[in-house]
Amino acid sequence: MDYKDAGAIKKGSNKPRHSEHNAKGGRKNPFGKSEGKAELLARMKAAVKARKDAS
């Protein structure tokens, strides 16, 4: 095989192939917004109650 016609190897880029759905600064996870523990617990309890009601 003649390798001189293959060309140079392409240098890789350091960027990700896709963007994360919950990346910092996005619509779902804006900068500076932190959820309090009380809101988190209330949301978790509501999810458990909804799951129990559905079954």
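The accessible surface of the protein chain amounts to about 6,000 Å², and carbon and sulfur atoms account for 56% of that area; accessible areas follow the Shrake-Rupley method with a 1.4 Å probe, and for residues only the protein chains shown count as cover. The model is predicted, so that local features need pLDDT of at least 70 and side-chain atom pairs count only at pLDDT 80 or more, while totals for chains, interfaces and linings use all residues. Residues are numbered from 1 along each chain as its sequence is written, and side-chain values use heavy atoms, with hydrogens and water left out.

**Overall dimensions and fold**

- The protein chain has a radius of gyration of 24 Å, whereas a compact globule of 55 residues would have one near 10 Å; the radius is taken over C-alpha atoms, and the globule rule is 2.2 Å times the number of residues to the power 0.38.
- Along its principal axes, the C-alpha trace of the protein chain spans about 70 × 35 × 15 Å.
- The protein chain contains one helix and zero strands, where helices (H or I, at least four residues) and strands (E, at least two) are DSSP runs numbered from the N terminus.
- Of the 55 residues, 0% count as buried (buried is under 20% relative accessible area, exposed over 50%, partly exposed in between; 1.4 Å probe, protein chains only).

**Charges and the salt bridge**

- The protein chain carries 15 positive and 6 negative side chains, with the centres of the two sets 7 Å apart; Lys and Arg count as positive and Asp and Glu as negative, without His and the chain ends, and each charge is placed at NZ of Lys, CZ of Arg, CG of Asp or CD of Glu.
- The count of salt bridges is one, a salt bridge being a side-chain nitrogen of Lys or Arg within 4 Å of a carboxyl oxygen of Asp or Glu.
- This salt bridge joins the side chains of lysine 49 and aspartate 53 at 3.5 Å, N to O.
- Lysine 49 and aspartate 53 are separated by about one helical turn, because they stand four residues apart in helix 1 (residues 37–54).
- Lysine 49 is exposed at 52% relative accessible area, and aspartate 53 is exposed at 56%.

**Nonpolar patch**

- Leu40, Leu41 and Met44 make a nonpolar surface patch of about 250 Å²; patches consist of residues with over 30% relative accessible area and no salt bridge, with like charges joined within 9 Å and nonpolar side chains (Val, Leu, Ile, Met, Phe, Trp, Tyr) within 5 Å.
- Leucine 41 lies in helix 1 and is partly exposed, at 41% relative accessible area.
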